[in-house]
Amino acid sequence: MAELQPGKVMRRGQVLAFLLFSLAYLWLPAGSKRAPKLPPCPQSCSCTRDTAFCIDSKAVPRNLPTEVISLTMVNAAFTEIKAAAFAHIPLLQFLLLNSNKFMLIGDDAFTGLSHLQYLSLANNNLQTLPRDIFTSLDILSDLDLRGNALICDCKIKWLVEWVERTNATVPATFCSSPVRYQGQKIRDLALKDFDCITTDFVVHQVLPFQSVSAEPFVYSSDLYVALAQPSASSCTILKWDYVERKLRDFDRIPAHSAVYCKPIVAQSQLYVVVAQLFGGSYIYRWDTNVDKFIKIQDMDSRKIRKPNDIEAFQIDGDWYFVIADSSKAGSTSLYRWNQNGFYSHQALHPWHRDTDVEYVENEGKPWLIISSSSQAPVIYQWSRAQKQFVQQGEVAEVMDVQLVKHFKFKKDNYLCLSRYIGDSKVVKWEGQRFTELQTLPSRGSMVMQPFLVSQRQYMVLGSDFSFTHVYLWDEEKQKFVKFQELSIQAPRAFHYVPLEDMDVLLAPSFKSSTLVYRHVVVDLSL
């Protein structure tokens, strides 16, 4: 049997309306000379008591018989079906809107049609459909969407799901785009192929001060952030307000030229290592008896002359921190906790003007990678026998690295190497050495920070001369691709902080306000 075409349905409906109207007139009682009382009907329509056939209508007809159960519209002179367009004829069972020029269907266009069984939208100019537009049609038995140029993107994902679970008969409907889906049946599309989740970083809070480092930490189950503020001569401690969902002032440690404030929670005690360019560096402890920070220790100013970065970590249960020193006469130094305080444990890489240090655990072994303005980054490996770091080699052919940061994606280890002059680089550990994987233009970069959010590997590359660029790791291409631009003046660090109900990114600025960004997840199929 030949398949019924939408055009034939239209003509048969028109003939049926005419025949029904004629039969109603012929069956009048004998002797009656007057015409039957006609139901209300717009000029563009032909109506019986329960059917309407409309041609060239400029809108969905309003003054139709309330008993109408079948409406056919042909060659309509409008292109959009608006919300609740048919709510005034709630008894509709058959709605034939095929072979028009409809381009848009509004949300809830078919609301109120609880009796609708047959809906034909075939041969229009529809490219997409509002989400769940058919969900309220509980007894729909037939839906015809053929002959439309449907774009099979995230906005149509819901339709794929609906076609899979509905009991209604839906003739084969094909995608017109994108190219990879062109000519495919909607019913055959796999939901897993729709990549509909995207993300964004939006400003959540503006902290009205400059800062050059930000270190989040948890103490007594509360979240805090320590920020170095050389312009304010302090290390500022902020506390996260879980009700207001913002950072608020908590305390300040005097520090006239602070470049780094490193919190360390060891044996339930809170310490803050305050590194200064001038006037020496110190260690403070939070005293719960008086609820304030107390200075407990001076750092050796002969070794720590121009500190630049601090890393803290544990090895075999012992706490350590290392300070990278960028002076010509100083030395990057390792300190170890011994119950009463942190004491000098090892001098590393003296007289090389070190700019950054990164702690890495690779293949079960602790490493330190120290970047320098005078040579390529140097790799140290922990010797458990000597309880010291031993130099193993260097990241070859990458000079003048400002900062080094590590990330691990699946089973592979990588380094991000930011450079103020020249291109920044991403290198990959190949078992014996690091090899170059990607080069990124980065004039004026002081920071390059990778971080992972829900299986998405990001990297932020800051610049003193242009926008900060957020990159996203492309697993197929095995490299970072540009994702978003952020407007931050002279960023000096980035720190990702996962919270219970949101994820934030701290962005200290040397020249402007410190910013807190919120990571937003957007489902494009909704």
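How many bridges join S20 to strand S21? I looked this up in the model, which is predicted.

**Entry 1: the sheet**

I found eight bridges between S20 and strand S21 (residues 318-325), and the two run antiparallel. One pairing I noted is that of alanine 312, whose bridge partner in S21 is phenylalanine 321. I then traced the sheet as a whole: four strands form an open sheet in the order S20-S21-S22-S23, with antiparallel pairing. Strand S20 (307-315) and strand S23 (342-350) are the edge strands, each pairing on one side only. From one strand to the next, I recorded a twist that averages 20 degrees.

**Entry 2: glutamine 297**

I located glutamine 297 in strand S19 (residues 292-298).

**Entry 3: nonpolar cores**

I turned next to the largest nonpolar core, which has 51 residues; Phe86, Phe110 and Phe134 touch the most other members. Strand S1 (45-47), strand S2 (51-55), strand S3 (70-74) and helix H2 (157-165) each supply at least two residues of this core. H2 gives the most, with five residues. For phenylalanine 86, again without residues up to four places away in sequence, I noted contacts including Val60, Leu71, Ile81, Phe110 and Leu113. A second, separate core has 19 residues, among them Phe217, Ala228, Leu270 and Phe293.

**Entry 4: disulfides**

How many disulfides does a search of the whole structure find? I recorded five. Counting bonded cysteines along the chain, their pattern is 1-3, 2-4, 5-7, 6-8, 9-10.

I examined cysteine 152 and cysteine 175, whose sulfur atoms are 2.0 Å apart. Their link is left-handed, with -95 degrees about the S-S bond. Cysteine 152 lies in the loop between strand S9 (150-151) and H2, and cysteine 175 lies in strand S10 (residues 175-177), 23 residues apart. Cysteine 152 is buried at 1% relative accessibility, and cysteine 175 is buried at 4%.

For cysteine 154 and cysteine 196, I noted an S to S distance of 2.3 Å. The torsion about this S-S bond is about -100 degrees, so the disulfide is left-handed. The pair links distant parts of the chain, 42 residues apart. Both cysteine 154 and cysteine 196 are buried.

Finally, I checked the disulfide of cysteine 235 and cysteine 261, with S to S 1.7 Å. Cysteine 235 lies in strand S14 (residues 234-241) and cysteine 261 in strand S16 (residues 258-266), so this pair ties together parts 26 residues apart in sequence.

Key: Residues numbered from 1 in each chain as written. Predicted model: local features only at pLDDT ≥ 70, side-chain atom pairs only at ≥ 80, totals over all residues. Heavy atoms only, no water. Pairing = 2+ DSSP bridges. Axes fitted to C-alpha atoms, helices over the stretch in contact; angles between N-to-C directions. Core = buried A, V, L, I, M, F, W, Y, C linked by side-chain atoms within 4.5 Å. Buried < 20%, exposed > 50% of the residue type's maximum accessible area, 1.4 Å probe, protein only. Contact = heavy atoms within 4.5 Å. Disulfide = S-S within 2.5 Å.
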